[in-house]
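This briefing is meant to be read with the structure open beside it, one topic at a time. Please look at the whole chain before turning to the details.

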Amino acid sequence: MDRSIFVTGAAGEGIQTIGDVVARCFLSHGYPVFASQEFESRIRGGNSSVRIRVAEEPRNAPREDADVLLALNPVAREHYADALRADGLLLSSDGEGSGLTIPFVDLAVEHGGQAIYANAVAAGALCAAVGIPFAVLDGVLSSAFAKRGEEIVRGNVDAARAGFDRAASQLGDGVPEELPSRDATYAFASAHETIPIAAAAAGCRFISAYPMSPSTGIITAFVRDADLGVFAEQAEDEIAAINMALGASAAGARAMTATSGGGFALMVEGISLAGMIETPIVVVLAQRPGPATGLPTRTAQEDLLFAIRAGHGEFPRAVLAPSDPQEAIDLTIRAFDLADRYQIPVIVLTDQFLADSSFTLDRLELPAEIPPDRLADPADFGAYARYAPSETGVSPRLTFGQGGHTVCLDSDEHTPEGHITEELRTVRPAAVAKRLEKLRRLRKEIRPPEARRTDDAERILVGWGSTRGAIAEAVDRLRAEGRKAGSIHFTELWPLPETERPKDARYWTVEGNATGPLAQLLRGGLGWSIEGTIGRSDGLPIDARYILERTP
């Protein structure tokens, strides 16, 4: 089974609620689900969709086509009509064309008492159309609305029953058999839901950020859940946000900020400041299409080179890019550890796809051991110099007021004690060498990419970050067609890991952009021969069909 369901409508019509309820019905029945959203940048109106993919085994990648299309209004029906497969099923409110006619609002008023229950009617009709037993939907609705009171629960359940019965009666003999229950349990989350949990577990105690889609959910998670123990400050702008976080870090707290491309542009001077004062900080850069405001609610992978090069001058930083919620946990914790050990900025690249998609995973867990912070012991020093020379380039770090030592941080070039200098013959060269030694050692720690089915591959697809699921599916489908394909996937991108191409094959990168920044990096940094890029820059996520149609 591999079923694709589109729930479509205008912003404000409750499509997210419908999608969430139906996804959780499948999950509670033992089936893995991948759910993603695409929506226009507006409060109400427009055309939006929630897309649910259900399969026998987890398929954490989108499909562009729909086996079932539920449209809450005629405009949505027309807008998404081309996505419906020729043998697909349409559920709509206006009775136009073939399919089921479900008067969502009328049934909501009649059976629930209020038009607001129209999305419960839609969820009921959809469950009937895909074989989910009503008892499963009843349980999900009762659980979801339990805190709202018995009256709200009853209104939703009654409205859903009406939608379920109406769809079943119209399907007649075509009613699908009930899906059998499976004894399987999965974790279900988005990457931006797991990043705050991982950050708190890693010892983060401060976040400052200015809201900017698609990063906003990260700071709001800290505000909403005080049990995470992280002080959250909504700054007046992104310049203030990164400087507040640097101040907190300099005072001894593990700190982070989160933003998108336009906000990161404002943070660039702060990134350079972190490099000069050798103060750890983690920055989540949630990508969306640019330039400028671009497409605020769409997805892209356009900021890789920006993240690597942001900030004037030469100084080390790490750039990591998770591909799913579990990797978001692992790489967030790793980001805080690398930032602390090397006293550098670490940038975690996500995107709207990772922010607004929910993945099914066999596991979702924190590591058994969390790396500790590495502040020095003030008792170890007679005289303390914040930037004391060392073989590794990393100096012992004290914070302000520890043990009576003076800690001096300076954004100008400085002496080992942290005082401004223009000694160009010895101090400046030594400071540059110190920073670059950290970069050299950091590179040795960067993990190589994941190679999959490359042993006999004649064509290899190379990706990074959020495209991994789509690339893996594309490789499997190419193999099924008799084409020997494999993949290489990067999640630790800078410094470029010391790795070689595994074999002599034809290589293409697969990226959510038009210019192939990963291809540029691999050609220039590792000397790889890349034939071209399968790029997507329309703001929609890459799926397997998109890759297959463009793979030579």
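In this predicted model, the lining of the largest pocket draws at least three residues from each of domain 1 (2–174) and domain 2 (189–361). Besides these two, the domain assignment of the protein chain gives domain 3 (378–444) and domain 4 (450–550).

**The largest pocket**

- The volume of the largest pocket is about 1000 Å³, and among the 45 residues that line this pocket, Gln16, Gln37, Glu193, Ala355 and Asp356 are the closest to its centre.
- Several helices and strands supply at least two residues each to the lining, and among them are strand E1 (2–11), helix H1 (15–28), strand E2 (33–38) and strand E3 (45–55).
- Helix H7 (191–201), helix H8 (216–224) and helix H13 (352–356) also supply at least two residues each to this lining.
- Which element gives the most to the lining of the largest pocket? It is H1, which contributes eight residues.
- When the lining residues of the largest pocket are divided by class, 17 are nonpolar, 18 are polar and ten are charged.

**The contact between domain 2 and domain 4**

- The centres of domain 2 and domain 4, taken over C-alpha atoms, are separated by 25 Å, and the contact takes 27 residues from domain 2 and 24 residues from domain 4.
- The size of an interface is often given as the accessible area that is lost when the parts come together.
- Between domain 2 and domain 4 the buried area is about 2000 Å², and carbon and sulfur atoms give 59% of this area.
- On the domain 2 side, the residues that lose the most area to domain 4 are Gln301, Leu304 and Leu305, which together account for 31% of what that side buries.

**Salt bridges**

- How many salt bridges does the structure hold? There are 47 salt bridges in the structure, and three salt bridges are found across the interface of domain 2 and domain 4.
- Arg468 takes part in a salt bridge with Glu327, where the side chains meet at 3.2 Å, N to O.
- Arg468 also forms a salt bridge with Asp324, and here the closest N and O atoms are 3.6 Å apart.

**Cavities**

- A search of the whole structure finds five cavities of 30 Å³ or more, and the largest cavity holds about 130 Å³ of space.
- Of the 17 residues lining the largest cavity, those closest to its centre are Thr299, Ser466, Thr467, Pro541 and Ile542.
- The lining of the largest cavity consists, by class, of eight nonpolar, seven polar and two charged residues.

**Details of the backbone**

- The peptide bond that runs from Ser213 to Pro214 is cis, with omega near 5°, and Pro214 is found in the loop between strand E8 (204–209) and H8.
- The peptide bond from Gly290 to Pro291 is cis as well, with omega near 0°, and Pro291 has its place in the loop between strand E11 (281–287) and helix H11 (304–309).
- Ala292, which lies in the loop between E11 and H11, has a positive phi of about 55° although this residue is not a glycine.

Terms used:
Residues numbered from 1 in each chain as written. Predicted model: local features only at pLDDT ≥ 70, side-chain atom pairs only at ≥ 80, totals over all residues. Heavy atoms only, no water. 1 Å grid on protein atoms, 1.4 Å probe; cavity = no way out; pocket = protein on both sides within 12 Å on 5 of 7 lines; lining within 4 Å. Points joined across faces, edges and corners; volume = space filled by probe spheres on them. Helix = DSSP H or I, 4+ residues; strand = E, 2+ residues; numbered from the N terminus. Nonpolar A, V, L, I, M, F, W, Y, C, P; charged D, E, K, R; others polar. Domains from an automatic or database assignment. Contact = heavy atoms within 4.5 Å. Buried area = accessible area lost by both parts, 1.4 Å probe. Salt bridge = Lys/Arg side-chain N within 4 Å of Asp/Glu carboxyl O.
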